[in-house]
Amino acid sequence: MIVRSLKELDGTERDVEAPTWRSRRFVLASEKVGFSMHDTVLYAGTETHMWYANHIEAVYCIEGRGELVNEDTGEKHRLEPGTLYLLDGHEHHVVHAHTDLRTVCVFNPPCTGREVHDENGVYPLITEEA
């Protein structure tokens, strides 16, 4: 059994920050459970372009407001507490955070914790040694 608090992740290598977001990573590939789970805040007034070419991601909004735009189709979706989106088709997308937007994100395959978006908005596929 693993029990972790958000506070104990602060300042560790599981606490990853980029210009538009901060992600604290509760469950990673090293736990060998088949997914990773992150508590991620996208900062108010930012936009983050992403494309998970190597992962499927489910995102559940728990605080704040924003907008999700599917860059492949132009579809727009309001993000607010209680909204979930699933990137099951490797969609190019952008998130506009109108306020700080706090989400819980689940990735498959699991992230190692070292990933940050590259110039195309992609997390590289990094695997853990067996």
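Select Phe 107: at a relative accessible area of 2%, Phe 107 is buried (buried means under 20% relative accessible area, exposed over 50%, partly exposed in between, with a 1.4 Å probe and protein chains only). This is a predicted model, where local features need pLDDT of at least 70, side-chain atom pairs count only at pLDDT 80 or more, and totals for chains, interfaces and linings use all residues. Residues are numbered from 1 along each chain as its sequence is written, and side-chain values use heavy atoms, leaving out hydrogens and water.

Stop 1: Tyr 52 is buried, with a relative accessible area of 3%. The count of aromatic pairs comes to 1 (rings of Phe, Tyr and Trp, the last by its six-membered ring, pair if their centres lie within 6.5 Å; planes under 30 degrees apart count as stacked, over 60 as edge-to-face and the rest as tilted). Tyr 52 and Phe 107 form an edge-to-face pair, 5.2 Å centre to centre with 80° between the planes. Tyr 52 lies in the loop between strand 4 and strand 5, and Phe 107 in strand 10 (residues 101–108), so the pair ties together parts 55 residues apart in sequence. Strands here are DSSP runs (E, at least two residues), numbered from the N terminus.

**Stop 2: strand 5 and its partners.** Select 56–63, which is strand 5. Strand 5 and strand 10 run antiparallel, joined by 7 bridges (two strands pair if DSSP finds at least two bridges between them). Find Cys 61; Thr 103 in strand 10 stands opposite. Now turn to strand 8, which is antiparallel to strand 5 and joined to it by 4 bridges. Here Glu 57 stands opposite Leu 87 in strand 8.

**Stop 3: the patch.** Select Tyr 60, Ile 62, Leu 84 and Leu 86: they make a nonpolar surface patch of about 350 Å². Strand 5 and strand 8 (84–87) each supply at least two of the patch residues. Ile 62 sits in strand 5 and counts as partly exposed, at 31% relative accessibility.

Stop 4: Which order do the strands of the open sheet follow? The 4 strands run 4-9-6-7, with antiparallel pairing. Strand 4 (47–51) and strand 7 (76–79) are at the edges with a single partner strand each, so one side of each has no neighbour in the sheet. From one strand to the next, the twist averages 20°. End on strand 4 and strand 9 (residues 92–97), an antiparallel pairing over 5 bridges. Trp 51 stands opposite His 92 in strand 9.

Notes
Patch = residues over 30% accessible without salt bridge, like charges linked within 9 Å, V, L, I, M, F, W, Y side chains within 5 Å. Areas by Shrake-Rupley, 256 points an atom, 1.4 Å probe, with all protein chains shown as cover. Salt bridge = Lys/Arg side-chain N within 4 Å of Asp/Glu carboxyl O. Axes fitted to C-alpha atoms, helices over the stretch in contact; angles between N-to-C directions.
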